[in-house]
Amino acid sequence: AGLLEYALKISPYNFDIVMSLVKLYDTLGASSSFKDSHLALDLKGVLLESLGFLQFRHSVEYGAYD
């Protein structure tokens with residue numbers, strides 16, 4: 001996670017790095033970090049519809065509702 005966070009500081013708009021962080025934080029159950037990374041994806045339109053399940057599933061599984 002630390003290496004990915006460092007890579008994100010170097011390249012803050014890299015979708016692949018942010019997506020990797022989202023998946024890692026989801027696996028770890030780190031809800032606040034997951035939320036921050038998910039918001040950093042800035043999903044809109046079709047991407048929001050196709051990747052919106054990540055936030056819903058995480059919220060249901062870990063009880064992290066906003």
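Reader: How many helices and strands are in the chain?
Author: Four helices and zero strands, where helices are DSSP runs of H or I with at least four residues, strands are E runs with at least two, and numbering goes from the N terminus. From that end the order is α-α-α-α. This is a predicted model, with local features needing pLDDT of at least 70 and side-chain atom pairs pLDDT 80 or more, while totals for chains, interfaces and linings use all residues. Residues are numbered from 1 along each chain as its sequence is written, and side-chain values use heavy atoms, leaving out hydrogens and water.

Reader: OK, and where is confidence lowest and highest?
Author: Lowest in α4, at a mean pLDDT of 72, and highest in α1, at 92; pLDDT is the predictor's confidence in each residue, from 0 to 100. The chain averages 80, and 89% of the residues score at least 70.

Reader: Which residues make up the largest nonpolar core?
Author: Twelve residues: L8, I17, V18, M19, L21, V22, Y25, F34, L41, L43, L51 and L54. A core here is a set of buried Ala, Val, Leu, Ile, Met, Phe, Trp, Tyr and Cys residues joined through side-chain atoms within 4.5 Å. Buried means under 20% relative accessible area, exposed over 50%, and partly exposed in between, with a 1.4 Å probe and protein chains only.

Reader: Which element gives the most to this core?
Author: α2, with six residues. The elements giving two or more are α2 (15-28) and α4 (46-62).

Reader: What does I17 touch?
Author: L4, A7, L8 and S11, leaving aside residues up to four places away in sequence. Contact means heavy atoms within 4.5 Å.

Reader: Switching to the surface, what makes the nonpolar patch there?
Author: L3, Y6 and I10 make one of about 390 Å². Y6 sits in helix α1 (residues 2-10).

Reader: Is Y6 buried or exposed?
Author: Exposed, with a relative accessible area of 53%.

Reader: And what about K35, where is that?
Author: K35 is in helix α3 (residues 31-40), and counts as partly exposed at 34% relative accessibility.

Reader: How much of the chain is buried?
Author: Buried residues make up 26% of the 66 residues.

Notes: Patches are made of residues with over 30% relative accessible area and no salt bridge: like charges are joined within 9 Å, nonpolar side chains (Val, Leu, Ile, Met, Phe, Trp, Tyr) within 5 Å. Accessible areas come from the Shrake-Rupley method with a 1.4 Å probe; for residues, only the protein chains shown count as cover. A salt bridge is a side-chain nitrogen of Lys or Arg within 4 Å of a carboxyl oxygen of Asp or Glu.
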